[in-house]
Amino acid sequence: MHELYIAESIINIIGDYAARDGFEKVNSISLSYGRLSCIESKTLQFAFDVQAKGTPAEGAALDFKILPAVIHCFSCEKDLEVKSHTGTCPSCGGLEVVLTAGTEELKILELDVD
Amino acid sequence: MKVTVVKNVLDANNRIADDNRKLFDQHKMFVINLMSSPGAGKTSLVERTILALRDKYRIAVIEGDIQDTYDADRIAKLDIPVVQINTGGACHIDGNMIREAFPSFDFSKIDLLIVENVGNLVCPAEFKIGENIKIMLLSTPEGADKPAKYPLMFQESAALLINKIDLMPYVDFDLVKAKRDALALNKDLKIFEVSCKTGTGLDGWISWLTKRIDAFKK
């Protein structure tokens, strides 16, 4: 459900830029977030579509760049991309593992506008 | 035409949370963001914590729920300043909701503010409110698989209280697995095994919390 709040924030940010740069229509929005940051892209697009009606963001496609989750293992000294963070090294099974990337918060990178 | 933005979508909330924190710091108020699933025992922990620390600190509480004032009524019985925030459907408390509760409090008369978040194991971990520490509860009937299934909250919290430890003989809760998985996600996580019903294990929590508050106030 937090996708509703996030969609509203995106629309507000676009409103600020529309006022500054004078564009009227947004074709697409490129965004990035870490794989483990609890964003569900389909839910977010749905929430966005509903709330963007009547704003410059109406009809814009959300183009997501999902940043990989990476762990560092202190046992085998490897940096490995993982699908989820379990605290175990998928290579050597070591438990001395830290998550070094993957929880980046959602960012707007670029807008394609007319 | 391309417009470069590079803006964190949660910036608006982060900014409000930072402002909240500045205000809390000015008043030397220690703020806890308490999170768990619904029914894990957050309000019971708040009650226990108040009873243990009310002679040492001036305590206030913000209760977050989707609707109703059931929790706030429980806290008000202890004669503690309390505000109920009804999120009206939102799955978490954010920085701005906390802000709206400010006029109800006299910050110069509060040492410890406990914010009981909406019962939810996912979203509350994503929204800062200006807290000093996040604390989470996991109750034994929920199952030991929760750290593995819902990692973010365990990663973000300073302490984990495993509550309803008195129910261990009746539920299949693998305590070793729960602790191992939680610590794998967050090596600095302080874990307490407690029962808010019987009081078991709460001394450790209270003494740890007291040290954190006193260190902050110095």
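# Reading strand pairs and helix faces

Q: A:Ile29 stands opposite A:Leu111 in strand 6 of chain A. Do strand 1 and strand 6 of chain A pair in the parallel or the antiparallel sense?

A: A note first: this is a predicted model. To read a pairing, take the direction of the two strands and the bridges between them. Strand 1 (residues 26-34) and strand 6 of chain A pair in the antiparallel sense, over six bridges.

Q: Which strand of chain B does strand 6 of chain A join?

A: Look for bridges across the chain boundary. Strand 6 (residues 107-113) of chain A is joined to strand 1 of chain B by five bridges, and the two run antiparallel. Follow the partners residue by residue. A:Lys107 has B:Asn8 as its bridge partner in strand 1 of chain B. A:Ile108 stands opposite B:Lys7 in that strand.

Q: How many residues of chain B are in contact with chain A?

A: Count residues on each side, with C-beta atoms within 7 Å as the cut-off. Here 23 residues of chain B are in contact with 26 residues of chain A. On the chain B side, strand 1 (2-8), helix 6 (151-156) and helix 7 (175-185) each give two or more residues. Strand 1 of chain B has the largest share, seven residues. By type, this side of chain B divides into 16 nonpolar, three polar and four charged residues.

Q: Now a helix. Which residues of helix 2 of chain A are buried?

A: Start with the general idea. An α-helix has 3.6 residues a turn, so residues three or four places apart point the same way. Now the case. Helix 2 (residues 41-52) of chain A has 12 residues and reaches 16 Å from its first C-alpha to its last, close to the 16 Å expected. Its buried residues are A:Leu44, A:Ala47, A:Phe48 and A:Ala52. Seen down the axis of helix 2 of chain A, they fall within an arc of 120 degrees, so they line one face.

Q: What do the buried residues of helix 2 of chain A pack against?

A: They pack against helix 1 (2-21) and strand 2 (61-67) of chain A. The face turned away from the buried side carries the exposed residues A:Lys42 and A:Val50. Just after this helix, A:Gly54 takes a positive phi of about 85 degrees.

Q: Which residues of helix 2 of chain B are buried?

A: For helix 2 (residues 42-53) of chain B, the end C-alpha atoms are 16 Å apart, which agrees with the span its 12 residues should have. Its buried residues are B:Lys42, B:Thr43, B:Leu45, B:Val46, B:Thr49 and B:Ile50. They cover an arc of only 155 degrees around the axis, which puts them on the same side of helix 2 of chain B.

Methods. Residues numbered from 1 in each chain as written. Chains lettered and ligands numbered in written order. Predicted model: local features only at pLDDT ≥ 70, side-chain atom pairs only at ≥ 80, totals over all residues. Contact = placed C-beta atoms within 7 Å. Helix = DSSP H or I, 4+ residues; strand = E, 2+ residues; numbered from the N terminus. Nonpolar A, V, L, I, M, F, W, Y, C, P; charged D, E, K, R; others polar. Pairing = 2+ DSSP bridges. Expected span 1.5 Å × (residues − 1). Buried ≥ 20, exposed ≤ 12 C-beta atoms within 10 Å, placed from the backbone. Arc of directions from axis to C-beta.
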